[in-house]
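Dear colleague,

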Amino acid sequence: MGGPLTSPPPFCTTHVRIDHYSAVHLAAETARALARRYRLPGSLSDQAAVVASELGSNLAKYAVNGSLFLQPMALGGGLEILATDRGPGMPELRRCLADGYTTTGSLGAGLGAVVRIAADFSIRTEAPGGTLACARLAPPDRAGAAKEAVGAVSVPAERETTNGDGCAVLDVDGRRTLLVVDGLGHGEPAAEAAQSALRAFARAPEEPLPEILHGVHRALRHTRGAAVGLLRHHPDRVEYAAVGNVRCVALTTHEVHHRLTGQPGIVGLNLPTPKVHRIPREPGLSMLLHSDGIDPRWTHSPAPFLLRLPAPLLAAALADRHRLTRDDATVVVAGPHQGLM
């Protein structure tokens, strides 16, 4: 069968807390360095620094508990910068998006510059709950990928420098397959298991989900093992297969429709016979996978604001507001495109 239509770089999220104005410079330099690492051409590395600086400045000036998440686009070819905060929200959002608008009289170009620079930009706000924004930077030949309704965040446990989780999104033969892996424990041994799983997935992403799990199981035999979850989109259905505590959630803008968790077992140690769950594709249905570093109780009574978020902002909201900081945390969302504003 055909190879992947996209070959994204290894997915890794850099989390920068904007708890002081000095963090804005760190965020800008981090964005510049990541753009160069992912080989964004021309002036995109400088533009990435501008976007991170503007988003970070807004957080430093106006927001509570602000954070930036910087990472490659899930489908590759660009850089994604996510901004989150816990309030007070932006009651004059559309005015704030005008190029050059500022509430402080400074010379900064503000959010309008971010809108102008980004290949794709989405933002949602509620008062007093807070604001979420996503700016994607990509060269013209990756503009389509920048507008895809896919979101992901993967961060290590607090005080850990190595992430024992991992995720990937690959398009093969017109079908999109998502993987989330959670290496047992934390630190380097967990990361080794996660990276082995990602390499095994990349070698044969077109296989049926049970075969992918068997391939990952073989690759992890000499590691401590992992929990692994897979989602595959078909025109009429979504398939889910998982072993261990990688959860699957199906939701629309109105409610959560399905909550599923993986079969008992450890991939690499004791793989059960994989079972595939099939969920009918409905208009407006979004699907997500997350590791147990995301508190599963978020699905019990989610706020309407959360349910209406487009894929990248939903991933950011879950990682920022529903993360269990003692554990590595990963969430991947694939859903219908819901517009920019």
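Once its neighbours within four places in sequence are left aside, Leu220 is in contact with Ala193, Ser196, Ala197, Gly225, Ala226, Val267 and Gly268. Please bear in mind that this is a predicted model. Leu220 is found in the loop between helix H7 (209–219) and strand S9 (226–233), and it counts as buried because its relative accessibility is 0%, where the cut-off for buried is under 20%. Leu220 and Leu231 are 11 residues apart in sequence, while their C-alpha atoms are 20 Å apart in space.

Helix H6 (residues 187–203) packs with H7 at an angle of about 135°, and the axes of the two are 9 Å apart. H6 is therefore oblique to H7, since an angle has to be over 145 degrees to count as roughly antiparallel, and the crossing of H6 and H7 is right-handed.

The peptide bond from Gly87 to Pro88 is cis, with omega near 10°, and Pro88 is found in the loop between strand S3 (79–84) and helix H3 (93–96). Ala127 and Pro128 are likewise joined by a cis peptide bond, for which omega is about 5°, and Pro128 lies in the loop that runs between strand S4 (120–126) and strand S5 (130–137).

Positive phi values in residues other than glycine are the last topic. Asn65 has a positive phi, near 55°, and this residue is found in the loop between helix H2 (44–62) and strand S2 (66–72). For Asp173, phi is near 50°, which is again positive in a residue other than glycine, and Asp173 has its place in the loop between strand S7 (165–172) and strand S8 (175–183). Asp173 counts as partly exposed because its relative accessibility is 38%, whereas Leu220, at 0%, counts as buried.

How values were computed
Residues are numbered from 1 along each chain as its sequence is written. This is a predicted model: local features need pLDDT of at least 70, side-chain atom pairs count only at pLDDT 80 or more; totals for chains, interfaces and linings use all residues. Side-chain values use heavy atoms; hydrogens and water are left out. Helices (H or I, at least four residues) and strands (E, at least two) are DSSP runs, numbered from the N terminus. Buried means under 20% relative accessible area, exposed over 50%, partly exposed in between (1.4 Å probe, protein chains only). Contact means heavy atoms within 4.5 Å. Axes are lines fitted to C-alpha atoms, for helices over the stretch in contact, and angles run from 0 to 180 degrees between N-to-C directions. Angles under 35 degrees count as roughly parallel, over 145 as roughly antiparallel, 65 to 115 as roughly perpendicular and the rest as oblique. A crossing is left-handed if the near helix is turned anticlockwise from the far one by less than a right angle, and right-handed if clockwise.
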